[in-house]
Amino acid sequence: MRELFDEVAGQSPLDPQEAVRRAARTPRRKRFYASTGIGEAEGGFAVTLDGKPIRTPSGRVIRIPSQEIAQAVAAEWEAQAEVIDPLTMPLTRFANSVVEAVVDRVGLVTDDIAKNFNSDLVFYRAGHPEALVGREARHWDPVLFWVADELGAHFILAEGIVHISQPEQAVAAARAALPDDPWSVAALHVVTTLTGSALLALALQRGLLDAGQVWAAAHVDEDWNAEQWGADEEATERRAARAVDFRAAARIIKALAKSAG
C-alpha cells in the first residue's frame with residue numbers, strides 16, 4: 001500500500017495537478033484487501049483495510065478529523081475493483097498529502113496561501129467588453145464587499161494584468177481569517193491553487209459561496225471566451241481533471257465546517 005501511493009502523496013496540497021501526473025506514472029497494484037472500515041483513532045478516525053489502518057508512504061497512520069471524510073475515504077478503497085487506481089481516489093491522495101506535507105508545516109502552507117492575497121484573480125478586471133466587465137463584477141464583487149465588511153480587508157482593483165500592490169493591512173486582515181488546522185489549510189491551498197484565488201477559497205470556507213459558485217467565479221473569463229469562440233477540447237479536459245481535486249477539497253471544507261458547527 002505504501003509504495004502504491006508513494007508517488008502520489010508528495011505535495012498534493014501544494015500542487016494537486018502534479019500529484020495527478022505522478023499518479024498516472026505509478027504502476028497499478030492489484031487489490032490486496034478484502035474489507036474496508038473506519039475506526040476511532042487519536043484525534044479522529046482511521047480508515048482500515050482488513051482491520052489495519054491505512055498509512056502514508058513514510059508509515060504514518062492517517063488520522064482523519066471528520067467521520068464523514070473518513071467514510072468517504074473508505075468508500076474510495078471499497079470502490080476499487082481488481083486493480084487499485086489512485087486517479088479515482090482524490091480524497092485518499094489528499095489524506096496522504098496532508099499528513100505527509102502539511103501537518104508539520106501548517107504555517108508555511110498558510111503563508112503560501114496568503115501570498116495570493118497580493119495578486120488574487122478577483123483584483124484584475126477586464127476593461128471591455130461591457131458584458132464581460134459586468135459578469136466579472138457579479139461573480140467577484142460580493143467577495144470583495146464581504147472581506148471589506150467582515151474582515152476589514154480593503155483591496156485595490158486593477159484593469160488588465162499589470163501587477164498592483166495591495167495594502168499590507170488588507171493582506172494581514174485576510175491572512176488572519178485563515179484557519180489553522182492542517183486539513184482545512186490543505187484544502188484551502190488546493191482550492192487557491194486550482195482557482196487562482198485565495199479570496200474565493202476563503203469565501204468557500206466561510207460559507208459565503210458554495211462550491212459551484214466558486215468554480216464558476218474562477219472560470220468567468222474562460223467561460224466567456226468559450227462562448228465567443230468555442231471551447232478548446234484540451235482545455236476542457238484539463239478543467240475536468242482539475243475539477244476532481246477541487247470537488248474533493250470542497251467536500252473536505254464542507255465536512256469540517258459541519259463537524260465544527
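**Helices that cross**

Author: Let's start with helix 4 and helix 8 (residues 182–195), which in this predicted model pack at an angle of about 110°, their axes 10 Å apart.

Reader: What makes helix 4 roughly perpendicular to helix 8?

Author: The cut-off: 65 to 115 degrees counts as roughly perpendicular. Helix 4 and helix 8 pack at about 110°, so helix 4 is roughly perpendicular to helix 8. The crossing of these two, helix 4 and helix 8, is right-handed.

Reader: Which residues make the contact between helix 4 and helix 8, and how do they split by class?

Author: Helix 4 brings Phe94, Ala95, Val98 and Val102, while helix 8 brings Pro182, Trp183, Ala186, Ala187 and Val190. By class that contact has nine nonpolar, no polar and no charged residues.

Reader: And why are helix 3 and helix 4 called oblique?

Author: Helix 3 (residues 67–78) packs with helix 4 (residues 90–102) at about 120°, with the axes 8 Å apart. Roughly perpendicular stops at 115 and roughly antiparallel needs over 145, so helix 3 and helix 4 come out as oblique to each other. Their crossing, helix 3 with helix 4, is left-handed.

Reader: What makes up the contact of helix 3 with helix 4, by class?

Author: The residues are Ala72, Val73, Glu76 and Trp77 from helix 3, plus Pro90, Leu91 and Thr92 from helix 4. Sorted by class, the contact of helix 3 with helix 4 has five nonpolar, one polar and one charged residues.

**Strands and a turn**

Reader: How do you know that strand 2 pairs with strand 3?

Author: Pairing takes at least two bridges. Strand 2 (residues 36–41) and strand 3 (residues 44–49) are joined by six, and they run antiparallel. Glycine 37, for one, stands opposite threonine 48 in strand 3.

Reader: How many bridges join strand 3 to strand 4?

Author: Two bridges, again with the strands antiparallel, and the cut-off is at least two. Here threonine 48 turns up again, opposite proline 53 in strand 4.

Reader: What makes strand 2 and strand 4 edge strands?

Author: Three strands form an open sheet in the order 2-3-4, with antiparallel pairing. Strand 2 and strand 4 (52–53) are the edges, as each pairs on one side only.

Reader: What sits between strand 2 and strand 3 in the hairpin?

Author: Two residues; glycine 43 in that turn has a positive phi of about 80°.

Reader: What stands out about the phi of aspartate 50?

Author: Most residues other than glycine have a negative phi, and most peptide bonds are trans. Aspartate 50 has a phi near 50°, positive although the residue is not glycine. You'll find aspartate 50 in the loop between strand 3 and strand 4.

Reader: And which peptide bond is cis?

Author: The one from histidine 128 to proline 129, with omega near -10°. Proline 129 lies in the loop between strand 6 (124–125) and helix 6 (130–151).

Reader: What is the average pLDDT of the chain, and where is the pLDDT below 50?

Author: The chain averages 90, and 89% of the residues score at least 70. Over residues 1–13, though, the pLDDT is below 50, even if this stretch has 55 contacts in the model beyond near neighbours in sequence. Where pLDDT is low, the predicted coordinates should not be read in detail.

Terms used: Residues are numbered from 1 along each chain as its sequence is written. This is a predicted model: local features need pLDDT of at least 70, side-chain atom pairs count only at pLDDT 80 or more; totals for chains, interfaces and linings use all residues. Side-chain values use heavy atoms; hydrogens and water are left out. Axes are lines fitted to C-alpha atoms, for helices over the stretch in contact, and angles run from 0 to 180 degrees between N-to-C directions. Helices (H or I, at least four residues) and strands (E, at least two) are DSSP runs, numbered from the N terminus. Angles under 35 degrees count as roughly parallel, over 145 as roughly antiparallel, 65 to 115 as roughly perpendicular and the rest as oblique. A crossing is left-handed if the near helix is turned anticlockwise from the far one by less than a right angle, and right-handed if clockwise. Contact means heavy atoms within 4.5 Å. Ala, Val, Leu, Ile, Met, Phe, Trp, Tyr, Cys and Pro count as nonpolar, Asp, Glu, Lys and Arg as charged, and the others, Gly among them, as polar. pLDDT is the predictor's confidence in each residue, from 0 to 100.
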